[in-house]
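Subject: Structure handover

Hi,

Here is the structure I promised to pass on. Have a look at it first, then read my notes below.

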Amino acid sequence: MSLNIAKVDKKRVVIVGGGFGGLKLANKLKKSGFQVVLIDKNNYHQFPPLIYQVASAGMEPTSISFPFRKIFQHRKDFYFRMAEVRAIFPEKNMIQTSIGKAEYDYLVLAAGTTTNFFGNKHIEEEAMPMKNVSEAMGLRNALLANLERALTCSTKQEQQELLNIVIVGGGATGVEVAGVLSEMKKFVLPNDYPDMPASLMHVYLVEAGPRLLAGMSEDSSAHAEKFLREMGVNILLNKRVVDYRDHKVMLEDGSEIATRTFIWVSGVTFGNMDASLIGRGGRIKVDEFNRVEGMKNVFAIGDQCVQFSDKDYPNGHPQLAQVAIQQGELLAKNLMRLEKGEEMKPFHYRNLGSMATVGRNRAVAEFSKIKTQGWFAWVLWLVVHLRSILGVRNKVVVLLNWIWNYFTYDQSMRMIVYARKAKEIRDREVVEATTHLGKDLLHEPQQSGQEKA
């Protein structure tokens, strides 16, 4: 198996990951004179800020996803390959992927993050993460299946376990999930499950720190907490989850919460890299040009990297979409400058603000020195996110969904659907996982830990 991309006289830029940063970079390299290769394990770009709405059955997965091949139709000198990167060999300017090797002149790591379970393997096996569309669909199925099961289970204890929902992580995702589930309890359960009292459903939001939305101001944090408590969410601050056993979430102080819906949105982590390249929060250390430390032609952008040279952000930039977008845009210009023999320009983040929605007519938003909460912040959140979605069709569908849900108090996509892969695909994945990578790496000389990432 091979990527089957002919090497031409143009320099090749390989981009690993089609998130906000990788997509912006690929778009800005149009007509740049480079051969651009985008590698992603999915064949679509997804919009993470609205993944929680897929998980709560409020939106179709296709409404926040857009195929890469559609985005780059009729684009010259551009190639997309659906694959996963397994290893980097910087001394050879080569990467090993799940479908073969690929050479590069410039490599850009923009693969984003995965859920961080802080080394707790048992929680990793038991909890439901929500970092991508497929995980959100799995969570949606679990939520709906648990509601159906709660109607027919044989004991009150099992019923309460099925109706208790525990969300771990008080960041923007945790707050948004807690808010939308509390609205489901208020508006959906009485209509869809009239023979089951909605009061039996309890939503718990557990945060190890002293407040929610730690990345925003204390004022915004306080408003978010106030909104959620008014909506009936049980908020537990300064509580650290240590285990999950026998359908119980166990906290460090010895208390327990019975549940069969254990959602983990606490923290992020990254793919395996050499320890010397890893900085604060497990992120790849880069210089002011987003170049990986110690490497001349390998760059990292977005959530995956940490830069300490920006005086306004001495501990690294916030893990926001705008950071990745701005880094991707500047890196495209810097790569073209390199080819012209010009000096690269350092990256400085322009803070355009941050926001989080709590529920209908409730949100918090911060723009420079301006802070707002409630209905106006909620409208701003809607406008900003609608503008950011790719594709006219997707924008229209999302807007119509929001309008329908707002006036009818109804989310109409509450179907339990389990996808099944065809046998041909399952067999192919097994073969690739067990034989292909091993065979390719056998032909590589042994690399030092510094060289293999």
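Which residues in helix 1 meet which residues in helix 10? On the helix 1 side they are F20, G21, K24, L25 and K28, and on the helix 10 side A321, A324, I325, G328, E329, L331, A332, L335 and M336. "Meet" here is about contact, meaning heavy atoms within 4.5 Å.

Before going on, two notes on the ground rules. This is a predicted model, where local features need pLDDT of at least 70, side-chain atom pairs count only at pLDDT 80 or more, and totals for chains, interfaces and linings use all residues. Residues are numbered from 1 along each chain as its sequence is written, and side-chain values use heavy atoms, with hydrogens and water left out.

**Helix pairs**

Helices (H or I, at least four residues) and strands (E, at least two) are DSSP runs, numbered from the N terminus.

Back to the pair I started with. Helix 1 covers residues 20-28 and helix 10 covers residues 321-339; they pack at an angle of about 30 degrees, and their axes are 7 Å apart. That makes helix 1 roughly parallel to helix 10. The cut-offs: angles under 35 degrees count as roughly parallel, over 145 as roughly antiparallel, 65 to 115 as roughly perpendicular, and the rest as oblique. The axes are lines fitted to C-alpha atoms, for helices over the stretch in contact, and the angles run from 0 to 180 degrees between N-to-C directions. Helix 1 passes helix 10 in a right-handed crossing. A crossing is right-handed if the near helix is turned clockwise from the far one by less than a right angle, and left-handed if anticlockwise. Sorted by class, the contact of helix 1 with helix 10 has nine nonpolar, two polar and three charged residues. (Ala, Val, Leu, Ile, Met, Phe, Trp, Tyr, Cys and Pro count as nonpolar, Asp, Glu, Lys and Arg as charged, and the others, Gly among them, as polar.)

Next come helix 5 and helix 6, which pack at an angle of about 160 degrees with their axes 9 Å apart. That makes helix 5 roughly antiparallel to helix 6, and their crossing is left-handed. N146, L147, R149 and A150 in helix 5 meet E158, Q159, L162 and L163 in helix 6. That contact has four nonpolar, two polar and two charged residues.

Helix 6 (residues 156-163) also has a buried side, made up of E158, Q159, E161, L162 and L163. Buried means under 20% relative accessible area, exposed over 50%, and partly exposed in between (1.4 Å probe, protein chains only). Those buried residues pack against helix 5 and against strands 12 (164-168), 13 (202-206), 17 (256-258) and 18 (261-264).

The last pair is helix 11 (residues 375-388) with helix 12 (residues 392-408), packed at an angle of about 155 degrees with axes 9 Å apart. They are therefore roughly antiparallel to each other, and helix 11 passes helix 12 in a right-handed crossing.

W402 is found in helix 12 and counts as buried at 12% relative accessibility. Leaving out residues up to four places away in sequence, W402 touches L50, Q53, M59, W381, L382, H385 and L386.

**The cores**

In soluble globular proteins, nonpolar side chains tend to be buried together. A nonpolar core is a set of buried Ala, Val, Leu, Ile, Met, Phe, Trp, Tyr and Cys residues joined through side-chain atoms within 4.5 Å. The largest one here has 65 residues, and those with the most contacts inside it are L50, M130, I167, L181 and L228. Helix 5 (residues 133-152) gives the most to this core, with seven residues. L181 touches L143, I165, I167, M201, V203 and I263, again not counting residues up to four places away in sequence. Apart from this core lies another, of 23 residues, among them L23, F34, F78 and A332.

**A few single residues**

Is N4 buried or exposed? N4 counts as exposed, at 64% relative accessibility. N4 sits in the segment before strand 1 (12-16) and has a positive phi of about 55 degrees although it is not a glycine.

A57 also has a positive phi without being a glycine, near 65 degrees. A57 lies in the loop between helix 2 (51-55) and strand 4 (65-67), and is buried, with a relative accessible area of 1%.

Enjoy exploring!
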